[in-house]
Structures are given as C-alpha cells and as structure tokens.
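Dear colleague,

Please find below the structure that I am handing over to you. I would be grateful if you would look through it before reading the notes that accompany it.

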Amino acid sequence: MELTEEQRTMRDVVREFAEAELRPADREGDETERFPEDVWDDLAELDLTGIAVPEEFGGIDADMVTYAILNEAVAYGSLSIATAMSVHGLACACIDTFGSDDQRERWLPEMATGRPVGAFALSEPGAGSNPAEMTTTARREGDEYVLDGEKQWITNGTRAGVAIVFAKAIPEDAGAGASPDDVEGETVTQFLVPTDLDGFAVGEPEDKLGLRASDTAPITLDSVRIPAENRLTEEGRGLAAAFEILTGGRVAIGAQSVGLAEAALDDAVAYAQEREQFDGPIADIQTIRHKLAEMRTELESARLLTREAARKLEAGADDAAVAASMAKYSASESAMSITNEAVQIHGGYGYVSEFDVERYYRDAKITEIYEGTTQIQKEIVARHVLGEQ
C-alpha cells in the first residue's frame with residue numbers, strides 16, 4: 001500500500017495543519033460546543049472542502065485512497081471537524097453523482113469553496129438503522145414537491161445551506177389523502193433542498209457525549225416546497241443512491257477512526273516516556289510496553305483494511321461495499337480500544353480534560369454508531385460470507 005509522492009506530500013501538509021490548528025480548535029469547540037468556523041475557511045484554502053468535487057467545478061476530485069488518507073490526516077487533529085468535512089463531501093457526492101448538469105454547475109463550484117455547507121438528511125427519530133421505515137414524505141403537486149417530516153442526528157444541521165433530504169415520494173395521481181403505503185413499490189427518493197426555504201426549521205443542537213465541536217441537530221420540514229427538478233433520483237431509487245454514497249462514507253469513517261486512534265497512541269507513547277514511576281519512565285514497564293505494541297498493531301491492521309477498501313472502491317470491485325463495511329467495523333472498534341488504552345496508560349490524568357486522551361475516548365464511541373452501527377456492518381459482512389448477496 002505504498003503511497004505516491006503526491007499523496008505523501010498532501011498527507012504531511014494536512015497532518016501538520018491538523019496538529020497545529022485543528023487540535024487547538026477542537027479543544028475549544030469541545031468546551032464551548034460550537035463549531036470553529038474559522039478553521040472551516042482554512043480547510044477550504046487547502047481545498048479539503050472540495051475533496052469530493054470534480055476539478056471542472058473547482059474541487060480536487062480525490063481518488064478514494066487519497067480521500068481516505070486526507071480524512072485520516074484531518075481526524076488526527078479533530079474528529080469533529082473531519083466529520084463535518086466528510087458529511088459536506090457526502091452532499092457534494094450526491095449532487096455530482098445524481099444531479100443534472102444544471103444542478104452540478106449551480107451548486108458544486110460554491111460548495112468546493114466550503115460555502116454553502118452541505119448536510120445529509122437520512123436518519124429520523126424512528127428510522128435510524130432501517131431507513132426504509134422513514135416517515136418523511138414528498139407529495140407531488142404539479143411542478144413541485146411538498147416535503148413534510150422530521151430528520152434526526154444531522155451533522156452540519158445548523159450550518160448547512162443545502163441538504164440532501166430523503167423522503168417517500170407520493171405521486172400526484174395517488175390522490176390528496178394518499179400515504180406512501182398506498183403507493184406500490186419503493187418510494188424513498190432523494191432531493192436537493194436549500195435550507196432557507198419556508199418551512200425548513202433546524203432545532204437545538206444535541207448535547208452529546210463526544211464530537212462536541214461538531215453541530216448535530218434535528219431538522220423539521222413543514223410543507224417545504226421545492227421545484228420538481230430538485231429531485232436527484234427517480235422516485236423509489238433513493239435508498240439505493242444512499243447506500244451507494246454511504247459506501248464511500250464508511251471508508252471515510254474508517255480512515256477518520258484510524259486518525260483519531262493514532263493521535264491517542266502518539267499521546268500515550270509520549271506520556272509513557274515522560275511519566276516516571278518506580279524509579280524510571282513507565283515505558284520501561286513491560287505491561288505498558290505490551291499495551292503500546294498491541295495498540296500499534298491494531299492501528300496498522302485497521303489502516304490497511306481501510307486503504308484496501310478505498311482501493312477496491314476506486315477500482316469498482318464487486319466486493320467494495322463489503323470491504324468498506326469491514327473497514328468501518330474494524331477501524332471504529334480499534335479506535336474505541338486504542339483510546340481506552342491511552343486513557344489507561346495516562347492513569348488518573350487520562351480521566352481529566354487537561355489531557356486530550358479524555359476527549360479522544362469520548363469522541364471514539366460515535367465511530368461505532370454513525371453511518372451504520374457496528375452491528376449493521378457485521379450483518380453486511382455476514383450476508384456476504386454466507387453467500388446471501
């Protein structure tokens with residue numbers, strides 16, 4: 001998995017920026033529960049907000065391996081900021097993959113510069129791991145769709161200027177009182193929704209265990225009217241589109257998990273070499289040495305799985321989606337394990353906010369949940385192993 005010279009250069013530049021700028025911003029954002037907007041503009045200057053945008057629209061159109069490398073480097077400084085960046089990238093990817101030429105020309109050049117920020121609105125209060133159970137509807141009325149419903153856990157929710165919204169489409173000929181249950185076949189459809197429209201409301205940000213510098217908020221759609229041309233997929237093709245885009249998203253989460261875990265490991269190594277107990281640094285104690293060896297091995301295993309998944313996705317391999325699930329599952333579990341051990345190596349100091357490992361530990365948990373829980377990833381892999389897909 002040798003990197004090209006260009007990939008190494010990009011990684012090193014972003015890694016240095018992440019350590020010098022993103023990590024201090026993450027500390028402050030964790031305390032204030034506010035997203036550090038100034039560093040978002042810095043990300044744009046490094047072209048990272050255009051990571052999923054084609055060059056013709058001002059982005060860098062990174063291949064999947066480079067995409068993984070850059071997500072890892074950003075997360076080394078801040079998982080919160082990396083999450084905001086990757087979700088913005090998901091929105092860009094939806095518009096690029098499923099949008100019309102007019103939509104791509106209208107939105108992507110500006111989104112490549114970081115404004116407007118993009119959001120990805122799939123989950124709902126009663127439909128998380130099973131998005132087919134969503135209740136948000138999009139009723140066709142002439143040349144418009146009218147959207148009604150609620151979305152939950154929306155990253156960039158308070159910051160977004162455009163949201164990719166998934167809703168169950170109800171054709172005009174279904175009748176005024178029709179529900180999605182009255183429509184035959186799949187109905188989930190993907191729409192491009194500007195957030196400044198009447199009826200689009202953002203709730204109070206969630207008070208979270210970790211990832212506190214990233215805004216996560218509920219969204220309510222109350223008779224939000226959009227032009228019919230804002231539909232990004234044919235009616236009923238929304239879930240397939242979501243799963244296609246989320247495959248790349250799971251590679252990003254795997255890479256971010258690796259970046260976070262490496263930050264925790266580096267801090268643990270530095271602390272072990274500085275902290276003295278029993279007449280010497282604790283790095284001389286076999287138990288600590290073995291912990292560090294296990295953490296490094298676990299980290300490198302997760303990194304290799306993630307980059308292999310990225311390579312397969314870039315090559316269009318038949319098992320790319322399964323590889324992405326394995327990478328996301330393995331890397332997120334590794335992030336949780338490695339940050340836990342980093343806290344343990346720090347002892348009592350690892351339990352206080354003065355040391356970054358306390359924040360890393362809290363942040364790591366979400367990697368096992370968002371963009372498909374660990375259990376969902378295991379089910380995807382199991383179906384593949386059993387030849388059921």
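The notes below describe the pockets and one part of the surface. Please bear in mind that this is a predicted model.

I begin with the largest pocket, which has a volume of about 1200 Å³. Its lining is made up of 46 residues, and those nearest the centre are Ser123, Ile369, Tyr370, Glu371 and Gly372. Several elements each give two or more residues to this lining, among them helix 4 (79–98), strand 3 (144–155) and helix 8 (320–346). The greatest contribution is that of helix 6, with seven residues. By class, the lining of the largest pocket comprises 21 nonpolar, 14 polar and eleven charged residues.

The second largest pocket holds about 470 Å³ of space. It is lined by 19 residues, of which Met64, Ala93, Thr97, Ile245 and Leu313 are the closest to its centre. Helix 3 (64–77), helix 4, helix 6 and helix 7 (286–315) are the elements that supply two or more residues to this lining. Nine of the lining residues are nonpolar, five are polar and five are charged.

Finally, I turn to the surface. A nonpolar patch is formed there by Tyr349, Tyr351 and Val352, which together have about 350 Å² of accessible area. Of these residues, Tyr351 lies in the loop between helix 8 and helix 9. Is Tyr351 buried or exposed? Tyr351 has a relative accessible area of 71%, and exposed means over 50%, so Tyr351 counts as exposed.

Yours sincerely,
A colleague

Definitions and conventions: Residues are numbered from 1 along each chain as its sequence is written. This is a predicted model: local features need pLDDT of at least 70, side-chain atom pairs count only at pLDDT 80 or more; totals for chains, interfaces and linings use all residues. Side-chain values use heavy atoms; hydrogens and water are left out. On a 1 Å grid over the protein atoms alone, a cavity is a set of points where a 1.4 Å probe fits but cannot get out, and a pocket is an open set with protein on both sides within 12 Å along at least five of seven lines; lining residues have an atom within 4 Å of a point. Grid points are joined across faces, edges and corners, and a volume is the space filled by probe spheres set on the points. Helices (H or I, at least four residues) and strands (E, at least two) are DSSP runs, numbered from the N terminus. Ala, Val, Leu, Ile, Met, Phe, Trp, Tyr, Cys and Pro count as nonpolar, Asp, Glu, Lys and Arg as charged, and the others, Gly among them, as polar. Patches are made of residues with over 30% relative accessible area and no salt bridge: like charges are joined within 9 Å, nonpolar side chains (Val, Leu, Ile, Met, Phe, Trp, Tyr) within 5 Å. Accessible areas come from the Shrake-Rupley method with a 1.4 Å probe; for residues, only the protein chains shown count as cover. A salt bridge is a side-chain nitrogen of Lys or Arg within 4 Å of a carboxyl oxygen of Asp or Glu. Buried means under 20% relative accessible area, exposed over 50%, partly exposed in between (1.4 Å probe, protein chains only).
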